[in-house]
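Please look over the sequence and the structure before reading on.

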Amino acid sequence: MSEPADRRYGPATLPTARGPLSAAVVEALRRPPCDLPADLGVDLDPADPITDEDLQLTLFLCYELHYRGWLGVDESWEWQPTLLALRARCERVFEAALRRLVGAPSVPAAGVAAGLAELVAADDGPSLAATLQRRADLVQFREFVAHRSVYHLREADPHSWALPRLGGPAKAALVEIQTDEYGNGRLDRMHAELFRGTLDRLGLDTGYGAHIDVAPAVTLATNNLMSLFGLHRRLRGALLGHLAAFEMTSSLPNRRYGNGLRRLGFDEVATRFYDEHVEADAVHEQIAAHDMCGGLVRVEPALAPDVLFGAAAGLAVDRLFAAHLLDSWGAGRSSLRAPAPPALPPKVSLVASPEVAPPALV
Ligand SMILES: [Fe+2]
Ligand SMILES: [Fe+2]
C-alpha cells in the first residue's frame, strides 16, 4: 500500500478500532469487498449512542467512504450491501438518540425562520468560545483545533449533498453560501485551506483526517450528524436546518476564537479562518434562515419540522461537544483521546498581545 504523494486532501489512514463493531468494520475494509457476517455478535443498543466510541467510529468509517475514502481501501466498499445494512442499523440508533435529545420542535406561527431564531436564542450551552478567547492555554487551543479539523478540512462538503436534492430559491441560497465556503473557486480562499493555515501555525498535522484517532465520539458525532442528514434525501430539511443553525451561531464565536489566538500571540495566518467567518457568516445567517430554509418551506411546507429538528440537533450535539471540552479541561485532563498530538512549538513567537474584543462581548 503506497502513501499518496500529498496527504493534504485525503484519503486518510484507517483509524484504530474502538470496540468490536468498529474492529469488524476496519478488518473488513482492509480486504476486498465481501459480505460481512450476518451477526457480528455486537449489541447495537449502547446506553448513549452519541458518546459511544464504537458506534460513532463505525458510522464515521462508513460515511467517509462517501467523502475521500480511506487509504488502501477498495472504493467498491462504498456501496457494499451488507456494510450499508450495518450502517443503516447504526443510523437508526443514532437518529433515535438525536430525536430523544431534542424532542419534536414545534413550528411557530411566524414561520420557520422565526423558529430558527428562537432555537438559537434559547441555546444556552457552556461558552467554549469565551473560554478560548480569554483563558485557554496553547495546549487547550491546539486540542480545540485538532477536534475541529475533522470537519474544517472538508468544510461545507456535507451540506453540498443537498444541492442535487433541491430546486428553486433554497438551492440558489445554498449555492450562494457554499460558493463562499469554497472560496469562490479560489483554492487559497477555500475555508478548508484557510483552516489548514491555522493548523500549520499551531504546529499541528495539516493532513486530511490526521486527528481522527484522537477525536472522541462526541466530536465524531458532530460530523456524523451532518453526514446522516446529508446522505438521506428524506432528511434534506434537517440538513438545511443544521446549516442555518451553524451559520446563525458562527459569527460571534469565530470572533472570539480569533481573539483567543491573538491573545496567545499568533499572527493573521493563524486567525484568518476565524476572521473570515466573522463577516461571512453574519451574511450567511440571513441567507440561510430566510432565503434557504424559508425558501425550502415555501415550496415544501411539510419539511418545516425537519428544518427545526436539524437545527436543534446540531445545537444540542455542539453543546455536548463544548461541555466535553470544558469538563475535561476543568478536571485537568486532555479533551482528546490519548495520545494527544505532540506539543510542537508554535510557528510564531508567543508574544502576548492585548485581547482585541469589543465591549459587547464581555
Ligand atoms: Fe466556512
Ligand atoms: Fe458560513
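The points below cover the overall fold, the metal site and the aromatic rings. The model is a predicted one. The protein holds 14 helices and zero strands, and Glu-155, Glu-181, His-191 and His-277 coordinate an iron ion (ligand 1).

**Overall fold**

- Read along the sequence, the pattern is α-α-α-α-α-α-α-α-α-α-α-α-α-α.
- A compact globule of 362 residues would have a radius of gyration near 21 Å, and the 20 Å of the protein agrees with this.
- Along the principal axes, the C-alpha atoms fill a box of roughly 60 × 50 × 40 Å.
- Of the 362 residues, 55% count as buried.
- The protein exposes about 15000 Å², of which carbon and sulfur atoms supply 55%.
- Among contacts between residues at least 6 apart in sequence, 82% join residues at least 24 apart.

**The metal site**

- The donor atoms of the iron ion (ligand 1) come from Glu-155 (OE), Glu-181 (OE), His-191 (ND1) and His-277 (NE2), at 1.8 to 2.1 Å.
- Along the chain, these donors follow the spacing E-x25-E-x9-H-x85-H.
- The arrangement is irregular because the four donor atoms subtend angles of 84 to 165 degrees around the iron ion (ligand 1).
- Glu-181 belongs to helix H8 (residues 168-181) and His-277 to helix H13 (residues 268-299), so this pair ties together parts that are 96 residues apart in sequence.
- Glu-181 also bridges the iron ion (ligand 1) and the iron ion (ligand 2), which lie 4.2 Å apart.
- Glu-181 is buried, with a relative accessible area of 5%, and His-277 counts as buried at 4% relative accessibility.

**Aromatic rings**

- The structure contains nine aromatic pairs.
- In one of them, the ring centres of Phe-60 and Trp-70 are 6.2 Å apart and the planes lie at 55 degrees, so the pair is tilted.
- Phe-60 is in helix H2 (residues 53-64), while Trp-70 is in the loop between H2 and helix H3 (81-102), 10 residues apart.
- Both Phe-60 and Trp-70 are buried.
- The ring centres of Phe-195 and Phe-273 are 5.0 Å apart with planes at 70 degrees, so the pair is edge-to-face.
- This pair links distant parts of the chain, with Phe-195 in helix H9 (residues 191-201) and Phe-273 in helix H13, 78 residues apart.
- Phe-195 is buried at a relative accessible area of 0%, and Phe-273 counts as buried at 1%.
- One aromatic cluster is formed by Phe-141, Phe-144, Phe-195, Tyr-257, Phe-273 and Tyr-274.

Definitions and conventions. Residues numbered from 1 in each chain as written. Chains lettered and ligands numbered in written order. Predicted model: local features only at pLDDT ≥ 70, side-chain atom pairs only at ≥ 80, totals over all residues. Heavy atoms only, no water. Donors = N, O, S within 2.8 Å, 3.2 Å for Na, K, Ca; no water. Tetrahedral: all angles 85-135°; square planar, octahedral: opposite > 155°, others 65-115°. Helix = DSSP H or I, 4+ residues; strand = E, 2+ residues; numbered from the N terminus. Buried < 20%, exposed > 50% of the residue type's maximum accessible area, 1.4 Å probe, protein only. Rg over C-alpha atoms; globule rule 2.2 N^0.38 Å. Contact = heavy atoms within 4.5 Å. Areas by Shrake-Rupley, 256 points an atom, 1.4 Å probe, with all protein chains shown as cover. Phe/Tyr/Trp six-rings, centres within 6.5 Å; stacked < 30°, edge-to-face > 60°.
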